[in-house]
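I opened this notebook page to record what I looked up in the structure.

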Amino acid sequence: MRVESRLSGPSPGAWPWGWWLLIPIGLVFAYPFLWMFLSIFKDNQEIFQPMSLMPTRWDLEPLRRLLAGEWFPFWRVLGLSLCMALGQSLGAVMLTSMAGFAFAKLRFRARALLMLACLCTVVLPRQMLVVPLLDWVNFIGLHGSVWGVMFPGMASGLGILFFTQAFRQVPDAYLEVACIEGATEWRAYWLLLPMLGSCLLSYGLIHFILAWNEHLIPLVVLKGDAQQTLPLALASLYGSSLRFPYAALMAGSFVAMIPPMCLFLLSYRRFRNALSQIILS
Amino acid sequence: MKQLRYRSLIGLLGPFFLCFVLFWLVPLIGGVRLSFYANTLVGEGSFVGFDHYRALLDDARYFKAIRNTSIYALGSLLCILPLSLVLAHALQSLASRWRSVIQFVLLVPGLTPPAVLALLFLLVFHGRAGLLNQWFVMPLGGQPINWLKDPDVILAALVLQCIWRWLGFITFFVHSGMQAIPSMYYEALQIESRHAWHRFWWVTLPGLRHVLLFCLIYLIVDAFALFSGAYVLLGGSGGTADAGLMLVSYLYQSALTFGRFGSAAAMGIAIAPCLLGILGLMAWFGRKYSQQTGGSKA
């Protein structure tokens, strides 16, 4: 029975009921993305007919013009987006894993108070503080600098919660051994860090996606057209003129989806495992 | 445990809290300060005390924005959480290989930048020829709806977009949570009852309470931080008759279109205690409930 099921999936008689629900929903979810990919080759008239899926011709002209930077400096925008998302995600993983370790493993005064402060950043997102944040960023001279986008993103309360849970999984005995050997807490953190590989990767991934998708903070902090992230550039292209080829917009959107998708696909299994570990606790 | 070395404690906590103070706490305090000063584009305005807050009380658009955001949050919660429970059970019934494929398909909208998602929503779903009309409204005998111009349905369109975006992720969390429930609970219940509904009500749902609470808070916060979707969809305004005016869109509009920084800061600061209070209460209730059930189990 077991062997058979491994070879052929569920036996033909037992058509799982879930399919009846998941196939239509999956179709509705996936259709726009398939359509988007195929729309790279279409002209405007075809694009405004969302029911027709297949393009009549395979024209790569709009894609070429997009990559050549006809509407915005494509490669620079892509590079800036990637650098900013990667930098922010690395920074957030570093900062929050250190603080998470302290919250999970060390006892100190004001721990509860500091934890509460971290929770506040989760509950009161920086998007709501955007006006004073912009004011402050201007004041300290980070306006128009990528650091002005990256630093606010690194103060992530979600990361603190994640890593506090993650470090609680690690048995105290390891820490005690490290301390008996004479390691400081700082050193112990670095010794324990490799045990959390999956968690580091997972949170890095989550934060990368959040940073890559962020719209408001780059919009107000960065300097208009000269510095744009990919989502910003795409949003400003939309509706710019009627003769603008929407195929290029679709191509740009497709490119904007590639990095989060690839990273997610690469770390899907680890992400799952880390997540169920965190939930288990 | 031996004496904690404060130097390493500062080393561990310092960088994060430096960032936290500089880019969260200072803007928060700065926002409170800003909200007491007159609206000026450059330089210092004069001190106006609580004038901005008093003006907010008469500002119908502000209340409209809060109302819209709350409806959006509630609507998406009420659709996404039950649907994700159903979908997680549906996923559970599949073979594991297909399960991860379907799960990934559901996750794709959540991985996509919301600006792109809004563009796709504009092109594929809305409009007379859009999928929503062609697949759902017209086969059921309805008139084609203009999703983004009709003030009665703009919020519904935003909620639909939210469902499209987050349903996969929430289902993913719920499903992971379901797999983490120890099977011995189910076996214990098998002795009492073989009813599938009892299994769901007495084991699955209590087992998922942490996950559901997290999803609940996450969705509410996300609703209050919603910007990109509404911005791209409605062109930075509130749409027809402000039917789609969201809180952050309104903040953005007041500050960066009209240059009323002081009022905009007051708007953000005025809603903050409400949001903190609601979510704090929620977390507190969740904790109390889980302590009670935990106590009765032990």
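The entries below concern the chain contact, the salt bridges and a surface patch.

**Entry 1: the contact between chains.** I note at the outset that this is a predicted model. I looked up the contact and found 101 residues from chain B and 97 residues from chain A. Chain B and chain A bury about 8,600 Å² between them, and 84% of this lies on carbon and sulfur atoms. On the side of chain B that touches chain A, helix α1 (residues 6–34) of chain B gives the largest share, with 19 residues.

**Entry 2: polar terms across the interface.** I counted nine residue pairs in polar contact between chain B and chain A, both residues being at pLDDT 80 or more. My search for salt bridges across this interface returned zero.

**Entry 3: salt bridges in the whole structure.** I found five salt bridges over all chains. One joins R64(A) to E61(A), with the closest N and O atoms 3.0 Å apart. These two residues are about one helical turn apart, because they stand three residues apart in helix α4 (residues 61–67) of chain A. I also recorded E70(A) with R65(A) at 2.8 Å, N to O. In chain B, R54(B) and D51(B) form a salt bridge at 3.2 Å, N to O. R54(B) is exposed at 53% relative accessible area, whereas D51(B) is partly exposed at 39%.

**Entry 4: a surface patch.** I located a nonpolar patch of M94(A), W186(A) and W190(A), with about 280 Å² of accessible area together. W186(A) lies in helix α11 (residues 185–192) of chain A and is partly exposed, at 34% relative accessible area.

Key
Residues numbered from 1 in each chain as written. Chains lettered and ligands numbered in written order. Predicted model: local features only at pLDDT ≥ 70, side-chain atom pairs only at ≥ 80, totals over all residues. Heavy atoms only, no water. Patch = residues over 30% accessible without salt bridge, like charges linked within 9 Å, V, L, I, M, F, W, Y side chains within 5 Å. Areas by Shrake-Rupley, 256 points an atom, 1.4 Å probe, with all protein chains shown as cover. Salt bridge = Lys/Arg side-chain N within 4 Å of Asp/Glu carboxyl O. Helix = DSSP H or I, 4+ residues; strand = E, 2+ residues; numbered from the N terminus. Buried < 20%, exposed > 50% of the residue type's maximum accessible area, 1.4 Å probe, protein only. Contact = heavy atoms within 4.5 Å. Buried area = accessible area lost by both parts, 1.4 Å probe. Polar contact = N/O pair within 3.5 Å; in protein donor to acceptor, adjacent residues only side chain to side chain.
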